Each structure stands twice: as C-alpha cells, then as structure tokens.
Amino acid sequence: MPSFLLLEAICIFLFSRVSPCLPLQEVHVSPETIGKISAASKMMWCSAAVDILFLLDGSHSIGKGSFERSKHFAITVCDALDINPERVRVGAFQFSSAPLLEFPLDSFSTRQEVKEKIKRMVFKGGRTETGLALKYLLRKGFPGGRNASVPQILIIVTDGKSHGHIALPAKQLKERGVTVFAVGVRFPRWEELHMLASEPREQHVLLAEQVEDATNGLFSALSSSAVCVVASPDCRVETHPCERRTLEMVREPAGHALCWRGSRQTDAVLAALCPFYSWKRVFLSHPTTCYRTTCPGPCDSRPCQNGGTCVPEGLDRYHCLCPLAFRGEAHCAPKLSLACRIDVLFLLDASAGTTLEGFLRAKAFVKRFAQVVLSEDSPVRVGVARYSGELVVAVPVGEYQDVPDLVRSLDSIPFSGGPTLTGSALQQAAERGFGSATRTGQDRPRRVVVLLTESHSQDELAGPARHARARELLLLGVGSEAVRAELEEITGSPEHVMVYADPQDLFNQIPELQGRLCSQRQPGCRAQSLDLVFMLDASASVGPENFAQMQSFMRSCALQFDVNPDITQVGLVVYGSRVQTAFGLDTHPTRAAVLQAMSQAPYLGGVGSAGTALLHIHDKVMTVQRGARPGVPKAVVVLTGGQGAEDAAVPAQKLRNNGVSVLVMGVGPVLREALRRLAGPRDSLIHVAAYTDLRYHQDTLIEWICGEAKRPVSLCKPSPCMNEGTCVLQNGSYRCECRDGWEGPHCENRVLRGDAHKARGSRQEPAGQQLHPSQQPRTRPGHPGR
C-alpha cells in the first residue's frame with residue numbers, strides 16, 4: 001500500500017477511537033441558587049411506606065471508578081430515607097452480562113446496615129445487558145418487596161449503552177406501576193435514559209456525577225408525585241432551565257493537498273488534489289427543564305449591608321464579605337441594639353391576599369431583624385404569630401433566647417392562605433398573644449405588637465385596635481403603601497406606621513423599627529424640677545463586685561437628668577457597717593461632678609440596716625438646711641439585695657408621709673417579703689433577678705421617677721421650717737411659725753436673751769412671713785429656691 005494511503009487509514013482509525021459524545025448537564029441558575037439546591041438536598045427526608053430498588057450498572061463500559069460514584073449516589077439517597085420494615089425498604093441489584101441480586105428489600109431494617117452493604121458491593125465487569133435485568137424484574141418482581149401494596153421505585157444508574165433492546169421491558173415495567181428513574185453516569189446516552197425513565201422525563205432523568213443535584217431532583221420528583229413529603233413547608237419545587245450538552249468531534253474541510261491515485265485501466269499513478277480535513281470539538285446543546293427544590297437560605301434576608309456580600313455556610317449560617325470601610329463590623333454595619341426592656345410579638349399576615357411570596361418576605365424581615373438587632377444579652381423577648389382566619393402563636397414570646405434557634409424556628413411556620421381577618425387577629429393577640437402569665441406593676445415590660453401585612457382586612461378594625469391599645473399594647477404597623485390608611489387606623493398614629501415601596505425597602509425599615517420600639521421609653525422629665533436621692537446597699541451581703549454594678553447602673557440613670565440647682569439635684573447615701581452621706585443634694589451643681597462622686601462612693605461592708613439609712617435621709621438629707629427645696633418633688637431610690645430591710649417599712653412610710661416618694665429595686669432570684677412591705681401600698685417595687693440585669697430595668701425606673709416628678713406637691717412637705725417650726729400654707733405659699741428662741745423666714749436664727757421679747761412679738765404679727773418658693777432665703781450663696 002502506498003505510504004500516503006497508509007497514513008490516511010491510520011488517521012481515520014485514530015479518530016474513530018475518540019468518544020464521539022462527552023455530555024454534560026447544567027442547571028442554569030445563579031451560584032446562590034446552586035448553593036440552595038445543594039443545601040436543600042441535605043434537608044430532605046422521606047418517611048413513607050415505599051419500596052426502593054437500586055439497579056447499578058457494573059459493566060466494563062462503566063468502569064470501576066464510575067461504579068464507585070454510582071454507589072456514592074445510592075448511599076447519599078439512603079441518607080434521606082427513613083429505612084425500617086414499616087416505612088422505606090431498600091434493595092439493590094448489580095447488572096452487567098447478567099443481573100446479580102446484591103440484597104433484597106427485606107434484608108436490612110436500618111439505614112446504616114443498607115449503607116454498609118452498598119459500600120461492600122464489588123465491581124463485576126462484563127457486557128451492558130440492561131434489558132436482561134429489566135426482564136428479570138418483570139418475571140420475579142421486587143425481591144423482598146411488598147408487591148403493589150406500596151409505591152415501587154426503580155432507580156437505574158447506567159451509562160445508557162445497552163447491548164440489547166430495552167424499550168419494551170422498560171415500557172412493561174412502567175405499565176405495572178413502577179416509577180423508573182434513569183440516572184446517568186460517566187458519559188451516558190441521553191436517548192436511552194429517556195427511553196428508560198417514567199413520565200414526565202424531565203423529572204426522572206438525572207446525572208449521578210452531580211450527586212447533590214441528582215439527589216435533589218429525585219426527591220423533588222417524589223414530592224411532586226405525593227409519594228412522600230420530603231422538605232419543610234417553606235421549601236418549594238421550582239422549574240429551572242437546564243441544558244444537556246454533548247461535546248462532539250466534528251470533521252471539517254481544511255483545504256486540499258496534492259495526492260496520487262492509481263488507475264484500474266492503466267498502471268499509471270495519477271496526481272490529483274485531495275480534500276484535507278481537520279477535527280474540532282463542538283458543543284451541541286439540548287435545552288430542557290429541571291425540577292429542583294430550594295429552601296429559604298440564611299442570605300435570603302440580605303443581612304449584609306453597605307454593599308457587603310453574604311456567603312452562606314450550610315443551612316443556617318453565613319458570613320459577610322464587607323467593603324474596606326466596614327470591615328470588622330457585623331453585617332457590614334454598626335450593630336443596632338435595643339436597650340429597652342420590651343416584649344415584642346410579630347404578627348404576620350398569612351392570608352391569601354398577602355400571597356406566599358409576601359408571607360415569606362415577612363418571615364425574612366423578622367429573621368433579619370433578629371440577626372441584626374438582637375444579641376445574647378438583649379433584654380428584648382420576641383414571639384411570632386401568623387393569622388388569616390385564626391391567630392396561631394407559632395413562637396411564644398420569650399421561648400428562644402438564642403438568636404440562631406429563633407431564626408431556625410421561623411422556617412417551620414407554614415403559609416395558610418384564607419381570609420384576611422386582621423381585626424380578629426388583633427383581638428386575639430391582645431388576649432393571648434403574650435401568654436397567660438402576665439406580670440403587673442413596675443416589673444412588667446412594655447408589650448409591643450408589630451403587624452406585617454400587604455392586604456386589606458376583611459373584618460372590622462377600629463374596635464379590636466382600641467381594645468388592644470386599652471390593654472396597654474403599643475401597636476406598630478409595617479406594610480406596603482396600599483395599606484397605609486388601615487395601618488394608621490390600627491396603630492392610632494402615622495408615627496407608628498412604616499411603609500415600603502419594594503422588597504429591599506422593607507429591610508431598610510429595620511433601623512426605623514428599632515428606633516420606634518424604644519422611643520416610647522425615653523426619659524420625659526429632663527426639664528422637671530426634682531430632688532433625687534439614691535440609697536445604695538453597701539453591706540457585705542451585696543459584696544464589692546455587685547456594689548460596683550449598682551454604681552454603674554446609678555451613673556447610667558444620672559445621665560438621663562439635667563443636673564443643676566434649678567432643675568434636678570442628686571444626692572447619694574450608702575449604708576452597711578454604718579450609714580454615710582456620700583454627697584448631699586446641694587453638694588454637686590453639675591452632672592459631671594455628680595458622676596465623678598458616684599464613682600468614688602465607698603463600699604462599707606458589714607451588716608446593713610435599710611431602716612436606719614431611710615431615717616438618716618429623713619433627718620439629715622431631705623431637709624432645707626441640707627439643700628432640699630420646698631415645693632419641689634422628692635424621690636428616694638433604694639437599691640438593695642434585700643437583707644437588712646426588715647426594719648425599713650416604718651421609716652419608708654415616714655418619708656412618704658413627709659411628701660417623699662420611695663421606690664425599691666430589689667435584686668436577687670427571690671423577692672423577699674420585707675421588700676414588699678418596704679415598697680408600700682402603691683407597689684413601688686422593681687424586682688431584678690441579678691445585678692447584671694439592672695441595666696434592663698433602667699427605662700422602668702426612669703419612667704417611675706418622671707411620673708413622681710409630675711405629681712402635685714405640698715409646699716410644707718417636707719417642712720421647710722427649721723428647729724421644730726410649723727409650716728402653714730397660705731394663699732398659694734407658706735409661712736413658718738417659730739418656737740420660742742428662734743426667728744427668721746425658716747426659723748433658722750437663734751434669738752439672744754435680750755431679744756426674746758422680739759421673737760415673741762414676731763409670732764403675733766398678723767402678716768407673718770409669707771414666702772413664695774422662688775423668694776425663699778438661700779441656705780448657701782447662689783442657691784435658688786426652685
């Protein structure tokens with residue numbers, strides 16, 4: 001043979017050995033959705049009465065490596081099956097030249113046993129006789145199965161290169177009610193897989209090389225056909241554009257070259273131009289549709305702000321890749337916080353008017369709120385309820401203190417559909433939304449209902465909204481522009497309504513909501529005149545570390561007041577082994593000086609007596625000569641661990657009778673009865689579980705102080721008259737009637753013997769000394785009366 005003919009034959013032979021098709025299957029979705037498909041495959045779980053038989057190709061065309069990948073796919077599927085004799089049964093065949101039963105359906109009763117047996121399967125090799133394996137099943141049925149009393153699932157994992165006919169046995173199996181999945185491995189022939197698979201073929205043809213995608217596709221098909229429910233209610237089966245691509249070797253003309261050919265008529269060799277070809281790889285696309293399940297992911301609520309990128313880490317965790325300016329900050333933004341002590345119930349509209357998308361959007365909002373605003377030591381307790389026709393409290397208020405646990409609990413709240421009965425939901429939320437154990441008095445936190453809705457109510461709103469507000473619930477509304485008017489009617493104020501234009505704008509409302517949740521608790525008496533004394537338990541029963549906690553809390557409270565001689569005066573008394581005035585009401589005229597002096601208050605130790613300390617305040621602190629101002633509200637805040645309060649009830653009442661309000665903050669896991677008596681008939685008591693929790697009760701304390709600052713006062717309580725003089729109210733002011741031997745507007749001057757008759761005469765003057773508080777004498781230079 002001429003050399004050029006030999007060369008051409010060799011080239012044709014070599015190219016004929018190249019595999020003509022290298023197929024790929026791709027789901028055309030974003031990387032984020034690919035991650036969700038992968039995550040959902042790990043969440044799926046099938047617990048139904050069903051027989052599942054694996055038919056694994058063990059022929060030479062597969063090869064040992066692909067056979068191991070087939071086994072890996074089968075094991076991954078088993079991870080999502082509730083394998084036991086009453087629920088899911090699993091068996092396996094290996095086929096090549098002949099079918100081999102590896103284990104029947106009734107061999108193993110646990111998932112671990114099935115997985116171990118699949119792992120030990122040994123590659124056989126041989127011809128790809130898929131048809132023989134199908135005919136065996138037609139004759140024998142599912143070995144160890146329950147016949148047709150339960151659904152029968154056949155999962156064939158093969159490269160689709162059978163040496164026999166498969167169309168007829170495959171059709172007969174499907175006609176008997178067997179659901180057939182055709183799962184390709186290595187470089188399968190798609191047309192043969194389509195011939196094997198049940199209808200619709202898009203749902204029953206998969207690729208084992210992409211294990212998580214194939215597992216998701218298989219269980220998505222089982223879920224769609226109601227064989228078993230495999231995911232949480234929030235997960236949805238969706239269609240995605242897919243492409244099965246084949247990489248083919250195509251021969252294309254590349255020109256001509258001179259060649260010589262022999263002639264049969266003559267012995268001559270003729271020269272001629274012969275075509276010259278080149279080979280190239282070309283992708284041929286075959287568009288199709290894939291059905292995959294996706295579940296809400298940790299990045300759905302877009303927790304990363306200021307241009308940060310959310311990167312999911314598993315099913316419920318993520319981290320943010322932040323721009324340089326925001327690195328080191330959680331969620332690429334400074335952490336919001338709620339310093340106020342409140343109970344919040346999120347009320348989610350789950351009616352048909354809001355739609356499933358709107359409901360999922362509302363849940364994502366609550367998730368992001370929890371992730372961004374709440375922390376482990378947050379004083380806020382959160383609950384979640386949904387409504388349509390009825391109110392369902394899905395997460396009771398305060399059930400979860402751990403934020404990740406709270407976020408995970410939201411995934412299981414289902415969408416219900418049905419009518420939009422917002423009024424009925426508000427009525428029920430007011431009556432049972434915060435549980436049956438209601439706290440009263442100063443110890444109860446503010447209760448807030450945050451309503452999220454996008455649809456108009458189908459029942460009456462005004463009455464239920466008034467009822468809720470009458471129960472001292474703060475109502476806040478978050479919704480679309482379409483329901484603004486209804487939300488304003490419900491909340492009673494446009495200031496309590498937040499509307500959004502699009503889904504992203506909804507998440508932008510979180511800082512606004514955070515501000516409004518606590519705005520109602522801000523100090524409201526900065527301009528009110530007040531004489532305020534703190535009384536701190538510095539006894540050994542408290543200890544130096546807890547005393548420091550009380551000091552820090554007291555300083556934080558003092559920051560809320562405008563300290564100066566014309567508005568708020570602050571004093572401090574500590575008690576333990578003795579009673580000591582750390583500083584009096586008129587000692588420090590500025591807030592900075594007060595804060596510094598509070599930090600320097602001594603810890604005394606020893607055994608303390610709250611009663612003795614209260615008498616000390618009555619006699620030596622809340623007096624005109626020590627800086628107290630007539631006609632100005634007066635309050636004492638007692639911070640104590642509870643020991644040494646047994647003798648305090650009578651002195652506390654003595655202060656109250658003298659026009660001084662007394663509030664007790666008792667710290668400790670158990671509220672002592674002595675503190676209840678000390679709190680008095682108006683229940684002026686705040687119980688704090690631990691010293692570290694004091695800060696969570698600051699808003700309640702400030703609210704109480706401000707309420708006392710606005711109460712009417714008597715100019716003669718406590719009496720501005722010194723040295724046992726008598727205060728007499730007269731024409732909106734007062735005068736002091738002094739005892740023998742004393743004189744002056746407040747009986748502050750002793751009368752000498754020679755002037756005693758003058759003092760007696762002054763007591764008989766009809767006009768007396770009538771002083772308005774603004775005209776009273778100063779007890780120190782520059783000290784005003786009011």
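A disulfide is taken here as a pair of cysteine sulfur atoms within 2.5 Å. I note that the model is predicted, that local features need pLDDT of at least 70 and side-chain atom pairs pLDDT 80 or more, while totals for chains, interfaces and linings use all residues. Residues are numbered from 1 along each chain as its sequence is written, and side-chain values use heavy atoms, with hydrogens and water left out.

**Entry 1: disulfides.** I searched the whole structure and found six disulfides. One of them joins cysteine 235 and cysteine 295, with the sulfur atoms 1.9 Å apart. I looked up the torsion about this S-S bond; it is about 110°, so the disulfide is right-handed. Cysteine 235 sits in the loop between α9 (211–224) and β8, and cysteine 295 in the loop between β9 (269–294) and β10 (309–313), so the pair ties together parts 60 residues apart in sequence. Helices (H or I, at least four residues) and strands (E, at least two) are DSSP runs, numbered from the N terminus. For burial I used relative accessible area: buried is under 20%, exposed over 50%, partly exposed in between, with a 1.4 Å probe and protein chains only. Cysteine 235 is buried at 12%, and cysteine 295 is buried at 7%.

**Entry 2: a link between two strands.** I then took cysteine 242 and cysteine 290, whose sulfur atoms are 1.9 Å apart in a disulfide. The torsion about the S-S bond is -135°, and the link is left-handed. Cysteine 242 is in strand β8 and cysteine 290 in strand β9, 48 residues apart. Both cysteine 242 and cysteine 290 are buried.

**Entry 3: cysteine 721 and cysteine 736.** I found a disulfide here too, with S to S at 2.0 Å. It is left-handed, with -90° about the S-S bond. Cysteine 721 lies in the loop between α22 (698–709) and β24 (726–730), and cysteine 736 in strand β25 (residues 733–737), 15 residues apart. I checked both cysteines, and they are buried.

**Entry 4: helix α11.** In α11 (residues 403–410) I list Val403, Leu406, Val407, Ser409 and Leu410 as buried. They cover an arc of only 160° around the axis, which puts them on the same side of α11; the arc is that of the directions from the helix axis to the C-beta atoms. An α-helix has 3.6 residues a turn, so residues three or four places apart point the same way. The buried residues of α11 pack against α10 (355–373), β13 (381–387) and β14 (391–395), contact meaning heavy atoms within 4.5 Å.
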